[in-house]
Amino acid sequence: MAESPWGGRAVALDGLRGLAVAAVLVYHLDVAWLPGGFLGVSLFFTLSGYLITTLLLAEIERTGTVRVGAFWARRARRLLPASLGALVLAVVVAATVADAGPVRSLPGDVAASLAEVANWRFVATHTAYGAGYEAPSLVQHFWSLAIEEQFYLLFPLLALRLGARSPLRIAVGIGIAASVAASVVLHDPIDPARTYFGTDTRAAEILVGALLATVLRPDAARRTSAAVAAGGVAAAAGFAVLLATAQPDDSWLHLGGFTGVALLSGALVRAALAPGPIATALAVRPLVVAGTISYGLYVYHWPIFQAISEEHTGLRGVSLALARLAPTIALALASHRWLEAPIRHHGAPAGARRIAIAGVGVAMLVLGSSLVVAPLADDRAVAATPAVTLAVPTTTTQVLAAPLPPPRRVLVVGDSLLHQGLPTLRDRFSTAGVELEALGGPGQSLLFDQGAWRDDVAGAVASFDPDLVVLESCCGFGSARLDESYVLPDGTQAVPDVEPTWLAWSQQAAAVASAARSGGAATLWVLAPPAQTNGYYGPVEDRIDLANDRARELARCRGDLGLVDWGLLAAPDGSFASHLPDDRGELVKVRADDGLHFTLAGQALLADLTVQGALAHWRGVGGRVAPTDAAERCGGSSIGPPTTTVVPSPPTPMTVGSSTTSPQ
């Protein structure tokens, strides 16, 4: 239970902690009705700031000082056992079922977690908390633990230095103002990782709790009043609204809104300390029990949730939620009973040295194991194709009667949609005896770096001499920040989603296609699939349609430019579909949670579709082509808005998967 610094137990504070961890767990279950569950972490911050500050002030007022070393030792005994257990669990999950991305990043993630700087690692890697398309780090939740540990390291030194309630209150107030200012100055709406994970930008939430502790003296904390009760009810209602509506990338949160959330949390803490409706509601046994084991629930749930995912189990909805929650609760209870409580209450002083040595040993073992596990990522990145039926249009290109050897070298150029499945694509081409090189990357587009793809492709044609080139730029633009740096021919900066920028996109598409075939390579363009996003990437749905139209127009102008239609990974009517049926009629998840990218199963389907389409086009055009520019049919490379829609031939069902035969 939460300890009251003036003696006794504050049961309602345990309930408040239970409410916070429940919000986080439900949020990570990806239920649509609690998009703001991530704010449970903010509630944790404010509650921790209050409790730690009251403990420090009580010690100062009792002894005149703070035994900083003893404080750190207590924090270590409280937090390190379960956190080390969670890191062990993360390594086990990485070694058994985790996807390639988190396995590859595991050593760095574990090292940052052990050093209590995980939040700064995620800042450096531009991690998107709410919209990432790749499987997240198995220890991504350690970002909040790192911020709290940094607070525990520095704040006692400040309390010791100031030594009294009033000067500490002033310092905390200044810290809150500085934190809010840092959030406003540093916030980037395109890449909010800096303000979401930064210690400086999130410190205000902890400091609001600390400020409450400097204002609220122990003898007044248990006093109730109509104002306290009404404030608690109002704060609870406001917090409930935020839980139901907020999103991690909402700009208002990063521009001081998190501090507003902390003020609501502070009001809840105040109301929980005194008799009243909030304290009564929070004292219900399920919340109190959840609060008692909240730390274990938090540190263990994330790797368990990543291991027991829809992709790994096939479970969905309530079944998936129960399959995740049951082992999380069981492990948290066991950890509290047999790991955390014994060390916390009986780990000092006699066994302190042995426990410290054991902890260091476990930490080194975890770090070493992560280095051993990381090489598994290469194998995990290659996806086995599920037996999913796709309606693939028959080709209208005449296939040569004489056998044609496959291309020896293929160059692929694209953004995150292509690069996400690059290991599988490389594997599929390798099976056909084809060497693959790749250009571009996540966040890039045709307009990236003033159209750098054109020169990159020309350089690759000269050095790699590909027989076939596959080009992809799904959505017209990468991030708005990158594309706004593109300077139009009239000297103005490009603005997304206006016709002059789309014309520049079309011109760059024509230029890249010309560079691709300048050495005689057969060339194809990928048509992007439909998307259904939460707005994180901007109006990507409309951009996909416009980019595909311009790609079709480019193919019409250049008779030897083929098309690979990734839009086949869709519902029968061509609309977005997150799941597709396999050969038994069971639904397979093929799209990532962001509604734009793909699961491993989807990546495998794209790879097979791309390889088959590329080889069919290679045979259809008779291999390498004459190295001339075919843009003259549309009056040069200034391809304008589309004037023609290419209608594919009637589709014929084809199964892409274990039973697939390569096109002959």
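**Second largest cavity**

The second largest cavity is lined by S179, S183, T195, T201, A204, L253, H254, G256, G257, F258 and T259. Two or more of its lining residues come from each of α8 (165-186), α10 (199-215) and α13 (251-273); helices are DSSP runs (H or I, at least four residues), numbered from the N terminus. The largest contribution is that of α13, with six residues.

This cavity holds about 50 Å³ of space. Its lining comprises three nonpolar, eight polar and no charged residues. Here Ala, Val, Leu, Ile, Met, Phe, Trp, Tyr, Cys and Pro count as nonpolar, Asp, Glu, Lys and Arg as charged, and the others, Gly among them, as polar.

**Basis of the model**

The model is predicted: local features need pLDDT of at least 70 and side-chain atom pairs pLDDT 80 or more, whereas totals for chains, interfaces and linings use all residues. Residues are numbered from 1 along each chain as its sequence is written, and side-chain values use heavy atoms, without hydrogens or water.

A cavity is a set of points, on a 1 Å grid over the protein atoms alone, where a 1.4 Å probe fits but cannot get out; lining residues have an atom within 4 Å of a point. Points are joined across faces, edges and corners, and volume is the space filled by probe spheres set on them.

**Largest cavity**

Of the five cavities of 30 Å³ or more, the largest has a volume of about 80 Å³. L417, L418, Q420, G421, L425, W566, F598, Q603, L606, A607 and T610 form its lining.

At least two lining residues each come from α21 (416-420) and α27 (600-620), and α27 gives the most, with four. Seven residues of this lining are nonpolar, four are polar and none is charged.

How values were computed. On a 1 Å grid over the protein atoms alone, a cavity is a set of points where a 1.4 Å probe fits but cannot get out, and a pocket is an open set with protein on both sides within 12 Å along at least five of seven lines; lining residues have an atom within 4 Å of a point.
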